[in-house]
Amino acid sequence: MVFSISNADSYIEQNVIDIEDWQDADPAKKQRILNVVSQTFSSKYPKYVIPEDAVYEFAAVLASAYNDTNRLNNQGVASFSITGVASFNFKDTQSRELVAFIPQRSLDLIGQANGGMKLGTRRVGRSVR
């Protein structure tokens, strides 16, 4: 799967509410985000058709998750401050797997492209007694 930055720009600007982090990213970062999204979907859902819109929804979320401020949180920083400007305290300082960032909208789009199946982020398994 190869996705274009211009198509992603167009989709995100028209369909996503919070677009500042995507717009602020340089083209190299946008391409890396699209590559990571494509790899994540290919490994998580190898048998499913992945529509472009699902990729772009997830890309916008990752752009926010890995912006300059949240990147520090993902690296384990609990808080930091810039004297006289701002102070940031993160509620959750543990890094998460990329699949934890997949928005339900992307899963819904993948489900629609694959016969209307319902996909969720929760994993169902058996418990051992």
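Predicted model: local features only at pLDDT ≥ 70, side-chain atom pairs only at ≥ 80, totals over all residues.
**Entry 1: ring pairs.** I searched the whole structure for aromatic pairs and got seven. I looked at phenylalanine 3 and tyrosine 56. Their ring centres are 6.1 Å apart. The planes meet at 80 degrees, and over 60 counts as edge-to-face, so I logged this pair as edge-to-face. Where do the two residues sit? Phenylalanine 3 is in the segment before α1 (5-15), and tyrosine 56 is in helix α4 (residues 52-65). They are 53 residues apart, so I noted a link between distant parts of the chain.

**Entry 2: burial of that pair.** Buried or exposed? I checked phenylalanine 3 and found a relative accessible area of 7%. Buried means under 20%, so phenylalanine 3 is buried. Tyrosine 56 is buried too, at 2% relative accessibility.

**Entry 3: a tilted pair.** I turned to phenylalanine 41 and tyrosine 45. The distance is 6.3 Å centre to centre, with 45 degrees between the planes. I recorded the pair as tilted. Phenylalanine 41 has a relative accessible area of 0% and is buried. Tyrosine 45 is buried at 7%.

**Entry 4: asparagine 67.** I located asparagine 67 in the loop between α4 and α5 (68-74). Its relative accessible area is 15%, under the 20% limit, so I marked asparagine 67 as buried. What does its side chain reach? I found the backbone nitrogen of threonine 69 at 3.1 Å. Setting aside neighbours within four places in sequence, I listed Asp21 and Lys29 as the contacts of asparagine 67.

Conventions:
Residues numbered from 1 in each chain as written. Heavy atoms only, no water. Phe/Tyr/Trp six-rings, centres within 6.5 Å; stacked < 30°, edge-to-face > 60°. Helix = DSSP H or I, 4+ residues; strand = E, 2+ residues; numbered from the N terminus. Buried < 20%, exposed > 50% of the residue type's maximum accessible area, 1.4 Å probe, protein only. Polar contact = N/O pair within 3.5 Å; in protein donor to acceptor, adjacent residues only side chain to side chain. Contact = heavy atoms within 4.5 Å.
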